[in-house]
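Subject: Structure handover and notes

Hello,

I am passing on the structure we spoke about. Please look through it first, then read the notes under it.

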Amino acid sequence: MNTIATAAITAATATEPTPAKTKYRWPDSLAWWFALPASFLMLTTLILPVVIVALLSFTNYELGMPDTAFVGIDNYLSVLSDPKFWHVLRNTLLYTLFVVPGSVIGGLLLAVLVQSVGKGRRLYQCLFFLPVTATLVAMATVWKYLLHGQIGPVNQLLHSLGFTPIEFFGDPGMVLFSLAVIGVWQLAGFNMVLFIAGLVAIPQDLYDAASVDGADRPLDRFFTVTLPLLGPTMLFVIVTSSLTAFKVFDTVAVLTRGGPQGASEVILYQIYLEGFQYLRTGSAAAMTVLFLACILVLSWLQTRITERKVHYL
Amino acid sequence: MAASVSLAQIEKVYGTKRTLNNVSLDVAAGEFLTLVGPSGCGKSTLLRIIAGLTPHDSGQVHIGERDVTALPARDRNVSMVFQSYALYPHMTVAENIATPLRMQRLPAIARIPLIGRFWPGSRKRRAEIAQEVAAVAAQVEIENLLHSRPAQLSGGQRQRVAVARAMVKQPGVFLMDEPLSNLDARLRVHMRAEISALHQRTGATFIYVTHDQVEAMTLSTRVAVVMDGCIVQVGTPRELYDDPQDIRVARFIGSPEMNTLAITSDSPHRAWLKDASIQLPVQAADTVHMGFRPEHLKLADRSTHHGAHTLSIPALFERMEVLGHDALLFCRHAQAQETIVARAPVADVDQMRSRGNGWDKLTFEIDLAQTFWFNAQGSRLPPATSVCEILPLHKRVS
């Protein structure tokens, strides 16, 4: 009984920063037993696959080939010297640059609007959240129809208004933007829910104080109270949105297959082609490791830059 | 500078509940008026209506000579200190205090971060604002905190920042919504003195909401007691204590609360209380309530004979709380079973004990001049000027 209690206390205090003077005490063996199930899951589903991929990236392993040899950093060198890699990286970043501001500002706008609705707030919340729950592959088909070059309703509308129809998925200059619209449509509802949670947590007193202080017009209220107090939520939303955008795959795979003329090729799609179409596993693994590194750097940077400015308490 | 406040027939209904019922109140310029009452009585709602934060259903609000009923909070020449202080957590203390002035004096374009400072003329105004902020901060002694964030401050410091933010506008009316209730007891006494000093110094009108009668009694020039959505009585602290017009006021003001005994009478001036010939000092009908303050009860020896103008009350002792100089005696009326609390100097209690009087049965004496009489509805009965009969002894206490 006593050991369990001590172990629990040790486990609880282990994460706290220990003062420099006191020597770090290794947790009791019992604490390790408590941590075992979670550690096991983390190891098998997260850490081990990453390690295996990292190891594979140093080999010339190809799916189904009998002999495999270590090739050092050859895979990385060939990936980094391949203009294709830089092309897909650029496309992915461009897509992310479209999607993140669109989905964050869109989500924020939806959240503020939906929160100010009296009756039917729930209905609006559900409606805007629907894209999150929908299967993107199925929805992509709908989008394909909506944005179709000839028969799509959007083009019909443009045509009837006197504009020239746009080949949304056929024009190399247009395709990334069209995909980004779908990405925004899918993410905005999710971001809205996160922002609503943030909005609800803002004390009403602050709005009252703002009213007395003279900031009672909607824009003043928004910039004096709402936006600054959504800071922590904003950070989280931006990080998750950029990660999601960076991982874009299904719309590309279903709608454009990287076309036209490779204008919509993105990293994950390229990895998929390397690994599962051309069966060059080693090279795909190298790209995956680079992709992971990109994501890590991206989220670290964002957290680093914004964190100091958004946590007040 | 100071503005008067006048409320006329304010009504407020939340759903089916009538929160404020025909409330009228006049506050003179420069006065310190406290709205006091138990929680949920509507005092905060009333304050928010004056501030313009809560719309009311009917009635008028005047501040100074202006009818502000339809004006938003920012145009009402009022400042408010909130119970939670409501400081903007993302701003420094200086920015918090500057906010009302920024909103007043800088056009929207000049308030935009970064580019706003290039707006012509904004530099000069910003300098002015910074100067005024520093001056106000010095007045409440927080100059050295100007660059900290609210999260780094203690409760008392936050309170000062909130007061400074209210002061910087130099409003005609200060509204305070339980500003001291989040502080510990010592600090509360200290801040009470500071708020009182602030009132003296600024000369502005203060309307102060609290549920704490000590705050109400010590700070205010006048107190309005709010009960169940109505203002029951407005008066100086002395008036409320000496001359309560309603049994609820009588019970609310004073600590421990006033004792009340329900007495049934069968005709005017004829009521009955055991062992005592009472001159019933009021015109009574049916049930009347007799009230008397714990501090007015005297411990009596059973042997001593009381005069015609005193009433003796037999009581069964239950427990005692020693407060230091005084002690509270918690008793029950010997027949009526109603609780009676008496406040007596500890010395008297000791004297009683030493004389060997029975400790479980006590007799209290009360001067009839120090009793308050209320009718069945709780309204104060005026003392009857006519004859007071001396009644036969009979047990008729209900």
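Predicted model: local features only at pLDDT ≥ 70, side-chain atom pairs only at ≥ 80, totals over all residues.

Chain B overall

Chain B holds nine helices and 19 strands. Of its 398 residues, 50% are buried. If you take the contacts in chain B between residues at least 6 apart in sequence, 67% of them join residues at least 24 apart.

A sheet in chain B

Five strands of chain B form an open sheet with antiparallel pairing, in the order 14-18-15-16-17. Its edges are strand 14 (298–300) and strand 17 (339–345), each of which pairs on one side only. On average, neighbouring strands in this sheet are turned by 50° against each other, direction ignored.

Asp326(B) counts as buried, at 16% relative accessibility, while Arg343(B) counts as partly exposed, at 26%.

Helix 9 (residues 346–354) of chain B lies across strand 14, strand 15 (310–322), strand 16, strand 17 and strand 18 (361–367) of chain B. The helix runs at about 100° to strand 17.

Over all chains, the count comes to 21 salt bridges. One of them joins the side chains of Glu11(B) and Arg18(B), at 2.2 Å from N to O. Glu11(B) is buried, with a relative accessible area of 17%, and Arg18(B) is partly exposed, at 44%.

Another salt bridge joins the side chains of Lys124(B) and Glu128(B), at 3.9 Å from N to O. Both residues lie in helix 3 (residues 122–139) of chain B, four residues apart, about one turn of the helix. An α-helix has 3.6 residues a turn, so residues three or four places apart point the same way. Lys124(B) is exposed, with a relative accessible area of 61%, whereas Glu128(B) is partly exposed, at 32%.

Gln139(B) lies in helix 3 of chain B as well. Gln139(B) is partly exposed, with a relative accessible area of 40%. Which residues is Gln139(B) in contact with, leaving aside its neighbours within four places in sequence? They are Met167(B) and Arg201(B). Between Gln139(B) and Ala164(B) there are 8.2 Å in space, C-alpha to C-alpha, and the two are 25 residues apart in sequence.

Where the two chains meet

The contact between the chains takes 24 residues from chain B and 19 residues from chain A. Together the two chains bury about 1800 Å², and 61% of that is on carbon and sulfur atoms. On the side of chain B, Arg74(B), Tyr88(B) and His90(B) lose the most area to chain A, together 31% of what that side buries.

Three salt bridges are counted between chain B and chain A. Asp216(A), Arg74(B) and Asp75(B) are linked in a network of salt bridges.

Helix 10 of chain A

Helix 10 of chain A covers residues 218–229, which is 12 residues. From its first C-alpha to its last the helix reaches 15 Å, close to the 16 Å expected at 1.5 Å a residue. The buried residues of helix 10 are Asp220(A), Phe222(A), Thr224(A), Val225(A), Thr226(A), Pro228(A) and Leu229(A). What covers these buried residues comes from both chains: it includes helix 4 (83–116), helix 8 (175–200), helix 9 (204–213) and helix 11 (231–246) of chain A, together with helix 2 (93–105) of chain B.

Regards

How values were computed:
Residues numbered from 1 in each chain as written. Chains lettered and ligands numbered in written order. Heavy atoms only, no water. Helix = DSSP H or I, 4+ residues; strand = E, 2+ residues; numbered from the N terminus. Expected span 1.5 Å × (residues − 1). Buried < 20%, exposed > 50% of the residue type's maximum accessible area, 1.4 Å probe, protein only. Contact = heavy atoms within 4.5 Å. Pairing = 2+ DSSP bridges. Axes fitted to C-alpha atoms, helices over the stretch in contact; angles between N-to-C directions. Buried area = accessible area lost by both parts, 1.4 Å probe. Salt bridge = Lys/Arg side-chain N within 4 Å of Asp/Glu carboxyl O.
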